[in-house]
Amino acid sequence: MAGNPACERFIPLLSPYIDGEISPTERVNIERHLSACKACTGRAADLRAESGLLRVGLDMAVDEVDFKDFTQKVMARVTPEKPPLLERLRLSLSEMFLYQRTAMVSSLATAAVLMLVAVPLLLGSRAPTGYAGERMTVQAVRTYEPAKVAPVVMETDNGSTIIWLVDQDSHSHGASPALGGGDEAQSDELEMEEAPLGNVPQKTLPAKKDDPAPKGGSL
Amino acid sequence: MHSTAMLALLSLGLLLSPLAAQAQEQKVKLQVEVVLASNKGDAVEPPELAQMKETFRKQNFSFTSFKRLSLETLELAAEKPTEVRLPNGVNASLKLLGLKEGIATVRVEIPRQSGVDVELGRQGSVYQRAGKHVGGELILVLSPPPK
């Protein structure tokens with residue numbers, strides 16, 4: 001193949017030399033050899049010519065390609081279809097946990113502590129719906145036929161209210177040893193102690209006029 | 001762009017949901033207890049009724065025994081009265097009359113006996129006589145619901 005034994009060493013390096021893929025030291029050695037070897041100079045020229053032909057051929061092939069909408073087509077192929085919102089949220093969260101684990105964990109821990117402190121405070125201080133008032137208050141009391149009773153409203157010192165119906169017959173007769181029904185016979189009429197309701201606040205509440213059946217409503 | 005609009009809609013929905021809930025039917029909770037007070041024995045069952053016994057004693061009632069017959073937390077609405085069956089066969093009827101400035105007014109009616117309008121509050125109870133039963137007096141106890 002090569003008459004000069006030195007050529008055998010340099011021939012494989014000619015193609016990389018022409019393509020500029022060789023180290024500066026080897027390049028100097030090859031150029032020194034080329035200056036002394038006509039055969040290798042011819043080989044290098046052939047390789048250059050081949051390379052030029054290839055380049056021209058490729059340029060011609062490229063000219064034939066239609067690059068219209070090239071970017072959009074490439075991007076359409078490299079960009080995957082947009083996943084659903086939930087999937088994207090899941091991916092975002094998993095990526096956040098993957099790359100910012102410390103920040104995420106500390107944020108979650110802070111949020112959990114805040115929740116643990118704030119929720120009981122909020123729930124504890126918040127009254128249920130309809131209970132904005134300080135205490136239960138009786139607005140009106142009415143009695144219905146055929147009960148012949150008069151309502152007595154007693155407010156207690158602990159904010160409670162007792163609504164008792166005093167039998168009007170026994171009330172008018174002033175009867176009464178003991179309030180609070182005992183046996184069946186006694187319970188038919190409400191009886192009062194000797195000082196019935198004497199030292200407790202009582203109030204008279206209006207009977208509702210719009211009610212068809214009410215009667216009484218006062219002490 | 002599309003997802004941004006979706007997120008905006010979701011946020012708006014979350015913001016408006018409490019308002020929508022409020023616009024719905026108003027309801028309040030009320031604890032309703034039926035207690036039999038009598039002079040038969042001196043049992044107080046459960047022991048929590050000792051406070052009720054003391055309250056009645058301070059008002060010169062001489063009942064010695066207090067027994068809880070039922071305890072329930074009702075949800076009262078304006079449109080439809082809620083009934084509580086009493087042991088003496090009478091159905092007590094409870095209804096939300098209105099809700100003004102956060103204070104609910106409830107009407108409690110015991111047929112053929114009495115009716116009461118009560119403004120609900122965080123403290124105290126309302127004890128309403130509800131008729132006779134087995135030698136004692138039934139008392140309807142209205143209280144705020146337990147937290």
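Reader: Hi! Let's start with confidence. What is the mean pLDDT of chain A?

Author: Hello! The mean pLDDT of chain A is 75, and 74% of its residues reach 70 or more.

Reader: Which elements of chain A have the lowest and the highest mean pLDDT?

Author: The lowest belongs to helix α8 (residues 184-187) of chain A, at 34. Helix α2 (residues 24-36) of chain A has the highest, at 93.

Reader: And where is the pLDDT below 50?

Author: One such stretch is residues 171-204 of chain A, which has 85 contacts in the model beyond near neighbours in sequence. Another is residues 206-219 of chain A, with 45 contacts counted in that way. Where pLDDT is low, the predicted coordinates should not be read in detail.

Reader: Good to know, thanks. Switching to chain B: how many helices and strands are there?

Author: Chain B has two helices and 10 strands. Starting at the N terminus, its elements run α-β-β-α-β-β-β-β-β-β-β-β.

Reader: How much of chain B counts as buried?

Author: Of its 147 residues, 45% do. Chain B also exposes about 7,600 Å², and carbon and sulfur atoms supply 55% of that area.

Reader: Now the packing. How many residues are in the largest nonpolar core?

Author: That core has 30 residues, and those with the most contacts inside it are L30(B), L94(B), L120(B), L140(B) and L142(B). Elements giving two or more residues to it include β2 (137-144) of chain A, as well as β1 (27-38) and β10 (136-143) of chain B. The largest share, five residues, comes from β1(B).

Reader: You listed L120(B). What is it in contact with, leaving aside neighbours within four places in sequence?

Author: Its contacts come from both chains: among them are Y131(A), R135(A) and M136(A), along with V28(B), L30(B), I103(B) and V106(B).

Reader: Nice. What other core lies apart from that one?

Author: There is another core of 16 residues, including V152(A), M154(A), W164(A) and L49(B).

Reader: Last topic, the surface. Which residues form the nonpolar patch?

Author: V62(A), V65(A), F67(A), F70(A), V74(A), M75(A) and V78(A) do, with about 620 Å² of accessible area together. Helix α4 (residues 70-78) of chain A gives the most to this patch, with four residues.

Reader: And where is V62(A) placed?

Author: V62(A) is in helix α3 (residues 38-64) of chain A.

Methods. Residues are numbered from 1 along each chain as its sequence is written. Chains are lettered from A and ligands numbered from 1 in the order in which they are written. This is a predicted model: local features need pLDDT of at least 70, side-chain atom pairs count only at pLDDT 80 or more; totals for chains, interfaces and linings use all residues. Side-chain values use heavy atoms; hydrogens and water are left out. A nonpolar core is a set of buried Ala, Val, Leu, Ile, Met, Phe, Trp, Tyr and Cys residues joined through side-chain atoms within 4.5 Å. Buried means under 20% relative accessible area, exposed over 50%, partly exposed in between (1.4 Å probe, protein chains only). Contact means heavy atoms within 4.5 Å. Patches are made of residues with over 30% relative accessible area and no salt bridge: like charges are joined within 9 Å, nonpolar side chains (Val, Leu, Ile, Met, Phe, Trp, Tyr) within 5 Å. Accessible areas come from the Shrake-Rupley method with a 1.4 Å probe; for residues, only the protein chains shown count as cover. A salt bridge is a side-chain nitrogen of Lys or Arg within 4 Å of a carboxyl oxygen of Asp or Glu. pLDDT is the predictor's confidence in each residue, from 0 to 100.
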